[in-house]
Amino acid sequence: MRNYLPPEYIVHIDQDRCRRCGECVRTCAFGTLRFEHGAWRQAMSVFQHGRDDLERVFDRIRDNVPDRVAADNKKCVQCHYCVAHCPEGAISIQPNPLAYRGNHHWEPHHLKNIWLQAETGGMVLTGSGNDKAYFSYFDHMVLDACQVTNPSIDPLREPMELRTYLGSLPDALEFESGPEGPVLKTRLAPSVRLDTPLVFPAMSYGAISLNAQKALAKAAVSCGILMNTGEGGMHEDLYPYAHRMVVQVASGRFGVNPGYLRRGAVVEIKIGQGAKPGIGGHLPGEKVDEGVSQTRMIPVGSDALSPAPHHDIYSIEDLSQLIFALKEATEYTKPVSVKIAAVHNVAAIASGIARAGADIITIDGFRGGTGATPLAIRDHVGIPIEMALAAVDDRLRREGIRNRVSLVASGGIRHSGDVAKAIALGADAVAIGTAALIAMGCRLCQKCYTGNCNWGIATQKPELTARLDPDRAAENLANLIRGWSLELKEILGALGLNSVESLRGSRLRLRGVGLSDADLQVLGIRNAGVGA
Amino acid sequence: MREGMVRIPSGCAISGIISTKGIRFNGEAINRSIACMHERSNGLGGGFVAYGIYPEYRDLYALHLMYETPQARGETEEYLHKHFTVHQAELIPTGNATGIGEAPALWRYFVRPERKETENGPVRDNDDYVTASVMTINSRIHGAFVFSSGRNMGVFKGVGYPEDIARFFRLEEYEGYMWVAHGRFPTNTPGWWGGAHPLGVLDWSVVHNGEVSSYGINKRYLEMFAYRLELQTDTEVIAYLFDLLHRRHGVPLDLVCRTLTAPFWKDIDRGDEREREVYTALRRVYGSAMLNGPFSVIVAFNGTMIGLNDRIKLRPMVCGRKDHFTLMGSEESALREVAGDLDEVWHIRAGERFIARLEEGVTV
Ligand code: SF4
Ligand code: SF4
């Protein structure tokens, strides 16, 4: 049956431009491209091996059929590695124009998945985040700007502050008088400082390559932000960057030991992830090489399966115990974060987490990415981050406990506009995973689970990981962070603000365009055209 | 439409005078000062607050009310008699003044709280009780509005130019040791007397010139502590922030100022360890209380007058001293109008504050 699956993409090689260098043939990790030997080589081999079909060979030489690159279209995933590296720009890739009988209910991708499953009997796997055409609330919210009654502020001429802290805060401060002036009496819980309200979210060594993690870590250090080990432990090479790393503790406890916990800046308990709420992780044995094995503390070649729930957390009071166990292990010197997927009851869950003692809550919306997940889960479970964030921020305020936790929002943040909107909805900081991968070269081909990432990101194959230069990629990441930060400053300036905390949770600066009353209510914003 | 239903940006004039020796003087000086900045108002709002004007009732809360209907007065008085001992109830004396349209009925009551709890539960002290009662009247009794609720002080305000409002309320007949005034230039026509400034909560009053761009988060922050922002004005936000931070959380006054117009991180980083710790904690814990955008503000309360300017000085604010008088205002001319030969005059710098207090030992 599989043989009847039509290719998704058609690779077109411009034979006139192609100089037959073979770069694409050598590099495509999906084995899409090959050389088809043309007449001259065949002729040479005939001369070497006999002259039986000499006549036919000479016919072809006369027709001047050259060596050519040919594609097995079915294998192409449209990752653009060949396109980007062809020195002659001779490759183009199009979606297969093959027409299906039009049907508004049975779309081609439904048919293809059924054919695939009819053959394999397995789950359809995928990588990256939900790509379905769900409504985007970000795209239906707009920001305010100053005109006349208050001046906008020019970030090139005035200070513009993005510094952000993550950590639990008291509701009030106490002071006592000292000889030089008032002295702070209240002791603040541990926190971590960000130079800009952005972080890189959890992406484990195993899911992504060590080079990709190094790039993230270097960029986190140079930008004064955070990267996150994900659930795969911390490789030795990353120790120098550990002060800018979140160390994750997930249900599989891979790579978790006291040294690991103490090394990081923040400890994060991973409960869930937007791309696959309610299910655990699956790292196929093929991706478990020596390095991954050492770091995760599992045998080479074994599958690393993290359970769907933490088997020591079946309820909120169990979570509280783990939070405090981790605080004990780190002697109350590091904030503890809890990461959850955005699900229907996210507001009540977040409130429970805040009361359970977490310092930071990371909420991952249904557009969040992953290295591997069943398609059925990725595309149909969870809710948009905009809604989840608005609901959580609201609930925490209504209960008067908003200061107790910092909120990090993630899941499909595409640009600084999304960042600003998330902050206005109530996020302290925003995590950008997919965008970070894209900055390193990712083309969102969604094949991360195959371990064949041509860009050296979601793979452990040495010949592929070598393609990602960590220094170069770190520079790209730092550039992205810088670019978005500059844009954030422009947005703040236009809003007449010179510090990001004045935008945080300031929903009055947002308006909805084309949203229903129910949407506006959950988001806590007014419709465009409604004044202050 | 009235204030509270929409947010109305305004440009403004502000002015304040305090005798740090506590010597009382009538309303003429402050009126001259604010009238001098006539151009900064447009006749749609003017007001004054005077401290030390009711010494004979020093211990009683002086409630100033405006009523739009007789029913509103009936309901309010019933409420007051139920919740307070009312020592005196009288019409606020008014005179004829040009430029003043139709005024609401204006009454004042000198009262003492009679209970220790509101319908929402027990309160800490009389101040909390009065605040809660004022909020109840303002939000529940249609057509009634408490616009002044402190002790030995009073707010006088309405729709008109400030100099006309002063004549209307016969302010030359009152004597106080501290006066603050406001002239308003709203961008549309509220036409509601309660919307004029100053805003008074207990004996705190606020006048301000500017627009607080962080209003949205300041409001949500205050709502977390059960403040209801009925008027949707910046002044209300500023008054409540002082109330929350200073009265309820006990943050020293100077640090409250430093929280609302927080120093920049680059300056905090340059400070010594104590300062770094104090200001970092303030910015982190009270980040949502920081006021952003253009403003100059005068906040006054029993014995103290504070001038505050926004973080990058987008609005003017001048201070001056003459003998035992400290003066503040939007323009130097407003100060010189009252005291042409100031001993000292200076501009409040960006993000800075100036606090003038009654001298040690002075009682009023
Ligand atoms: S686009 Fe990617 S998968 Fe397709 S042929 Fe090129 S390198 Fe191979
Ligand atoms: S990380 Fe690699 S495999 Fe995954 S989507 Fe991006 S390019 Fe494709």
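**Reading a pocket and an interface**

Author: The lining of the largest pocket divides into 16 nonpolar, 8 polar and 9 charged residues. This is a predicted model, in which local features need pLDDT of at least 70, side-chain atom pairs count only at pLDDT 80 or more, and totals for chains, interfaces and linings use all residues. Residues are numbered from 1 along each chain as its sequence is written, and side-chain values use heavy atoms, without hydrogens and water.

Reader: How much space lies in the largest pocket?

Author: Rolling a probe the size of a water molecule over the atoms shows where empty space is left. A pocket here is an open set of points on a 1 Å grid over the protein atoms alone, where a 1.4 Å probe fits, with protein on both sides within 12 Å along at least five of seven lines; lining residues have an atom within 4 Å of a point. The largest pocket holds about 1,300 Å³, a volume being the space filled by probe spheres set on the points, which are joined across faces, edges and corners.

Reader: Which residues lie nearest its centre?

Author: A:Glu8, A:Asn113, A:Leu116, A:Lys447 and A:Tyr449, out of 33 lining residues.

Reader: How much area do chain A and chain B bury between them?

Author: The size of an interface is often given as the accessible area lost when the parts come together. With a 1.4 Å probe, and summed over both parts, the two chains bury about 3,800 Å², 57% of it on carbon and sulfur atoms.

Reader: How many salt bridges cross the interface?

Author: There are 6, counting a side-chain nitrogen of Lys or Arg within 4 Å of a carboxyl oxygen of Asp or Glu. One salt bridge joins B:Arg220 and A:Asp394 at 3.0 Å, N to O.

Technical notes:
Chains lettered and ligands numbered in written order. Nonpolar A, V, L, I, M, F, W, Y, C, P; charged D, E, K, R; others polar.
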